[in-house]
Amino acid sequence: MTAATIWQEVEFGSYGADLPVWVELASEEGGPVAELGAGAGRVSVHLAGHGHEVIALERDLDLIRELEELAIERGVSLSVVAADLASPDELRLPVRPALAIGPLHVIQILDPASRPALFGRLASLMAPGGTLALTVVDESTLLTSGAASTQILPDMREMDGWVYSSEPLWVQVGDDALTVRRLRESVSPDGGMERDIHDEILNRVDPDTLEREAAVAGFRPAGRRQISSGESEADSTLVLLEAPS
């Protein structure tokens with residue numbers, strides 16, 4: 001496993017607070033589901049396991065390999081598309097999804113300047129009247145959840161004799177971005193330790209802004225939902241948008 005796949009598994013592999021919401025939405029739409037930025041397959045493989053037709057979009061080839069191996073391990077089938085959301089004009093899908101989802105604030109990882117083009121491309125690719133569902137950080141819960149505290153227990157995994165730990169240190173709220181700093185530690189089977197500081201940058205965007213940007217491409221606001229992540233993490237707001245008919 002590469003560093004990217006290891007740390008995605010360590011930091012997000014056990015997160016499951018959003019999974020019931022994705023299953024519910026997929027069941028309501030009743031058609032193909034496209035996951036934007038599928039990573040190592042946490043959500044896509046879960047949905048495929050519930051019998052849904054899934055198209056997983058991911059740009060990182062190492063994560064794609066991990067996703068495909070996970071699908072084989074779970075005995076499910078899905079379509080994988082190597083795609084960079086920052087280059088939406090090049091995006092091609094095998095079917096028109098009735099539902100497109102962006103878990104784990106993937107829309108906030110994307111350069112804000114790329115969002116309008118992505119909305120425009122999705123409007124042409126999705127099934128008429130389909131649903132685009134995107135999560136953003138609920139910033140009102142950053143402090144009340146303890147997400148900015150140094151007392152949060154680290155995420156930990158043991159893989160192939162190595163022990164990996166990722167401890168959230170703080171969240172910095174800037175004018176344009178949230179910076180999540182983590183201390184990553186790797187302990188080898190013989191006891192050797194490596195330490196690294198990793199910053200995850202999330203571009204700040206609120207639900208109202210997403211709805212306005214998407215409206216330019218023909219999407220209509222279709223409601224919002226709250227995803228509670230527990231006491232130690234900030235919650236997410238799920239923004240629902242109806243694709244042009």
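**View 1. Packing of the buried residues of helix α1 in the predicted model.** The buried residues of α1 pack against α4 (61-74), β6 (155-159), β7 (162-173) and β8 (177-187), where contact means heavy atoms within 4.5 Å. Helix α1 spans residues 3-12, and its buried residues are Thr 5, Ile 6, Trp 7, Val 10 and Glu 11. Buried denotes under 20% relative accessible area (1.4 Å probe, protein chains only). Helices (H or I, at least four residues) and strands (E, at least two) are DSSP runs, numbered from the N terminus.

**View 2. The open sheet of 7 strands.** The strand order is β3-β2-β1-β4-β5-β11-β10, with mixed pairing; two strands pair if DSSP finds at least two bridges between them. Because β3 (79-82) and β10 (220-227) stand at the edges with a single partner strand each, one side of each has no neighbour in the sheet.

**View 3. Pairing of β4 with β5.** Strands β4 (residues 99-102) and β5 (residues 131-137) run parallel and are joined by 4 bridges. Ala 100 has Leu 132 in β5 as its bridge partner.

**View 4. Contact between helices α2 and α3.** Leu 19, Trp 22, Val 23 and Ala 26 of α2 meet Arg 42, Val 43, His 46 and Leu 47 of α3.

**Notes.** Residues are numbered from 1 along each chain as its sequence is written. In this predicted model, local features need pLDDT of at least 70 and side-chain atom pairs count only at pLDDT 80 or more, while totals for chains, interfaces and linings use all residues; side-chain values use heavy atoms, leaving out hydrogens and water.

Technical notes: Buried < 20%, exposed > 50% of the residue type's maximum accessible area, 1.4 Å probe, protein only.
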